[in-house]
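Work through these exercises with the model open beside you. Try each task before reading its solution.

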Amino acid sequence: MKTFAFISLAAVASIIVAPAAVAAPPLKFATVAPDGSTWMKIMRGIDADWRKKAPGAAIKFYPGGVMGDEKDVLKKMRFGQIHGAGFTGRGLGAIFSDVRVLDLPGILPSDADADKVTETFFDRFAKGFESKGFILLGFTEVGPVHIFSKKPIKTVADIRGAKVWVWEGDPLAAEMFKAFGVTPVPLPITDVITSLETGLIDTVYASALGAVALQWHTRVKYMSAASLARATGAVLVTKSYFDKLSAAERESLRAIARPALRALTAASRKENTKAMAAIQKAGVAMTP
């Protein structure tokens with residue numbers, strides 16, 4: 001009986017002193033978006049709301065491209081150094097290539113088209129990303145893509161004579177320019193502004209908002225009035241990190257992120273319109 005009592009007390013003691021479940025570390029999140037931008041304001045809002053809904057949960061941000069290009073960030077995510085990131089179609093396609101259908105030239109001519117397609121096929125894309133080890137928290141839009149150049153580009157012949165940048169590792173953009181008969185110069189996005197200054201390239205492509213945020217519009221003189229395509233973006237988290245979260249943390253992060261990223265898309269569309277005006281005010285001429 002004494003032995004039984006001792007074992008029982010020992011069992012009770014072990015329950016009392018058993019360590020609490022270890023909380024997941026902060027979600028390390030990287031983006032090329034500069035701090036203070038609308039993108040980062042929305043992401044910090046997601047962080048604040050997540051902290052309220054799931055005490056102990058938190059996001060640690062690495063904005064402004066400090067973690068490198070999307071290729072670098074993706075590599076760090078696969079090694080567990082980074083847990084989440086905002087990607088453009090280039091990075092998304094490197095994980096799950098089917099998603100690049102959203103970036104095909106002319107495929108989504110209107111905002112309503114883009115919204116309908118991303119909502120209708122969200123679960124399909126989410127399953128595709130999960131099969132590759134990533135969780136899709138939501139889509140967001142980069143915006144209509146325009147050509148920015150030092151010389152006016154009005155025809156296919158004009159662009160064939162230009163030194164066109166293409167994002168290194170982006171097969172879709174490379175094929176598009178190949179169809180124009182252009183041999184582009186592949187570079188990381190972080191090397192673009194320096195390459196415009198040195199003359200290595202004289203033509204780039206971006207959304208109006210992206211060109212302003214990255215200050216590319218200060219190194220060019222012309223912008224195409226027509227857009228080439230609609231660039232898609234999304235926020236992903238590694239499945240390995242996501243699985244470490246509690247069920248409540250996972251559920252609350254999903255519930256907070258998706259509508260917030262829809263709001264970011266709406267805000268980005270308004271800011272792209274303002275960016276177009278700012279670009280023209282800065283002296284960049286629109287070419288038909």
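**Exercise 1. Which residue in E9 is the bridge partner of Thr88?**

Solution. The model is predicted: local features need pLDDT of at least 70, side-chain atom pairs count only at pLDDT 80 or more, and totals for chains, interfaces and linings use all residues. Residues are numbered from 1 along each chain as its sequence is written, and side-chain values use heavy atoms, with hydrogens and water left out.

Step 1. Find the strands. Helices (H or I, at least four residues) and strands (E, at least two) are DSSP runs, numbered from the N terminus. Strand E3 covers residues 84-88, and strand E9 covers 229-238.

Step 2. Check the pairing. Two strands pair if DSSP finds at least two bridges between them. E3 and E9 run antiparallel and are joined by five bridges.

Step 3. Read off the partner. Thr88 is bridged to Gly233 in E9.

**Exercise 2. State how far to trust the model, then describe the protein as a whole.**

Solution. Step 1. Check confidence. pLDDT is the predictor's confidence in each residue, from 0 to 100. The protein has a mean of 91, and 92% of its residues reach 70 or more. Residues 1-21 fall below 50, and beyond near neighbours in sequence this stretch has zero contacts in the model. Contact means heavy atoms within 4.5 Å.

Step 1. Count elements and extent. There are twelve helices and ten strands. The C-alpha trace spans about 95 × 35 × 30 Å along its principal axes.

Step 2. Look at burial and contacts. Buried means under 20% relative accessible area, exposed over 50%, and partly exposed in between (1.4 Å probe, protein chains only). Of the 288 residues, 46% count as buried. Take the contacts between residues at least 6 apart in sequence: 73% of them join residues at least 24 apart.

**Exercise 3. Which residues lie on each side of E9, and what else pairs with this strand?**

Solution. Step 1. Ala229, Ala231, Gly233, Val235 and Val237 lie on one side. Arg230, Thr232, Ala234, Leu236 and Thr238 lie on the other.

Step 1. Judge the cover. Ten of the ten residues of E9 are buried, so this strand is largely enclosed by the rest of the structure.

Step 2. E4 joins E9 through ten bridges, and the two run antiparallel. Gly138 stands opposite Val235.

**Exercise 4. Trace the parallel pairings of E1.**

Solution. Step 1. E1 pairs with E2 (59-62) in the parallel sense over four bridges. Lys28 has Lys60 as its bridge partner in E2.

Step 1. The chain runs from E1 through helix H2 (38-53) to E2, a right-handed β-α-β crossover. Right-handed means that, with the strands pointing away from the viewer, the path from the first strand over the helix to the second runs clockwise.

Step 2. E1 also pairs with E3 in the parallel sense, over two bridges. Phe29 stands opposite Gly84 there.

**Exercise 5. Why do the buried residues of H3 line one face of the helix?**

Solution. Step 1. In H3 (70-78), Glu70, Val73, Leu74 and Met77 are buried.

Step 1. Seen down the axis, the buried residues of H3 fall within an arc of 100°, so they line one face. The arc is that of the directions from the helix axis to the C-beta atoms.

Step 2. An α-helix has 3.6 residues a turn, so residues three or four places apart point the same way.

Step 3. Elements packed against by the buried residues of H3 include E1, E3, helix H4 and E9.

**Exercise 6. Is Met67 buried or exposed, and what does this residue touch?**

Solution. Step 1. Met67 sits in the loop between E2 and H3. At 18% relative accessibility, Met67 counts as buried.

Step 1. Not counting residues up to four places away in sequence, Met67 touches Ala30, Tyr62, Asp72, Val73, Lys76 and Ile82.
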